[in-house]
Amino acid sequence: MELEQMTPRRPYLFRAFYDWILDNDLTPYIVVNTSVYGVLVPQEFIQNNQIVLNIAPQSVGQYLATNEQIEFNARFSGVPQHIVVPMAAIEAIYARENGVGMGFEDEPQYSIQSESLSSQSKSKSKPNPFRVVK
């Protein structure tokens with residue numbers, strides 16, 4: 001079976017590092033590429049098309065990780081927000097305290113997904129509805 005036909009590795013590696021970081025009593029942070037379709041984060045905290053998010057259990061609520069995305073509720077400057085991050089948008093996961101973690105390489109499955117989503121959005125001529133949280 002060719003790599004392109006297999007499921008992406010990122011969700012599995014992400015969950016393994018998330019558990020490992022928590023098992024060592026450290027704080028998991030993720031680096032998110034906010035230009036990926038479907039990212040729902042507060043715009044005012046984005047710098048250079050990236051945002052760093054604390055995803056420790058004590059910092060988020062209603063946390064759910066699937067093979068497609070993670071989502072949770074969090075507060076930003078005291079304002080509750082619902083956050084959605086597609087797996088394709090997660091660039092890295094690391095422990096805040098020591099920086100140990102893993103950066104994720106591009107995977108062909110995500111390139112194929114983003115091409116089909118971008119062609120769908122161009123054909124409909126609608127802006128990405130998930131980009132702005134107020």
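Reply: Happy to! Let's begin with a side-chain pair: the side chain of Asn33 makes a polar contact with that of Ser35, at 2.6 Å. A polar contact here is a pair of N or O atoms within 3.5 Å; within protein, one must be able to donate a hydrogen and the other to accept it, and residues adjacent in sequence count only if both atoms are side-chain atoms.

A word on the ground rules. This is a predicted model, where local features need pLDDT of at least 70 and side-chain atom pairs count only at pLDDT 80 or more, while totals for chains, interfaces and linings use all residues. Residues are numbered from 1 along each chain as its sequence is written, and side-chain values use heavy atoms, with hydrogens and water left out.

Asn33 is found in strand β1, which covers residues 28-33. Strands (E, at least two residues) and helices (H or I, at least four) are DSSP runs, numbered from the N terminus. Asn33 is buried, at a relative accessible area of 19%. The classes are buried for under 20%, exposed for over 50% and partly exposed in between, with a 1.4 Å probe and protein chains only. Leaving aside neighbours within four places in sequence, Asn33 is in contact with Val39, Asn49, Ala89 and Glu91, where contact means heavy atoms within 4.5 Å.

Ile30 belongs to strand β1 as well. Ile30 is buried, with a relative accessible area of 0%. With neighbours within four places again set aside, the contacts of Ile30 include Phe14, Ile51, Leu53, Ile70 and Ile90. Another pairing to locate in your viewer is Ile30 with Gly103: their C-alpha atoms are 9.5 Å apart in space, and the two residues are 73 apart in sequence.

Now for the partner strand. Five bridges join β1 to β2, and the two run antiparallel; strands are said to pair if DSSP finds at least two bridges between them. Strands of a sheet pair through backbone hydrogen bonds, either parallel or antiparallel. Asn33 stands opposite Gln50 in β2.

Ile70 in β4 is the bridge partner of Ala65. Strand β4 (residues 69-76) runs antiparallel to β3, and three bridges join them. These two belong to an open sheet of three strands, in the order β3-β4-β5, with antiparallel pairing. Its edge strands are β3 (61-65) and β5 (79-86), each of which pairs on one side only. From one strand to the next, the twist averages 20 degrees; axes are lines fitted to C-alpha atoms (for helices over the stretch in contact), and angles run from 0 to 180 degrees between N-to-C directions.

Next, the charged side chains. There are four salt bridges, each being a side-chain nitrogen of Lys or Arg within 4 Å of a carboxyl oxygen of Asp or Glu. One of them joins Glu107 and Arg9, at 3.4 Å from N to O. That pair links distant parts of the chain, 98 residues apart: Glu107 is in the loop between β7 (101-103) and α2 (108-124), and Arg9 is in the segment before α1 (10-23). Glu107 is buried at 5%, whereas Arg9 is partly exposed at 35%. Glu107 also meets Arg10, at 3.9 Å; Arg10 is in helix α1, 97 residues from Glu107. Arg10 counts as buried, at 3%. A further salt bridge is Arg96 with Glu97, where the closest N and O atoms are 3.3 Å apart. Through shared partners, salt bridges join Arg9, Arg10, Glu105 and Glu107 into one network.

Stepping back to the whole protein, there are two helices and seven strands, in the pattern α-β-β-β-β-β-β-β-α along the sequence. Buried residues make up 34% of the 134 residues. Among contacts between residues at least 6 apart in sequence, 59% join residues at least 24 apart.
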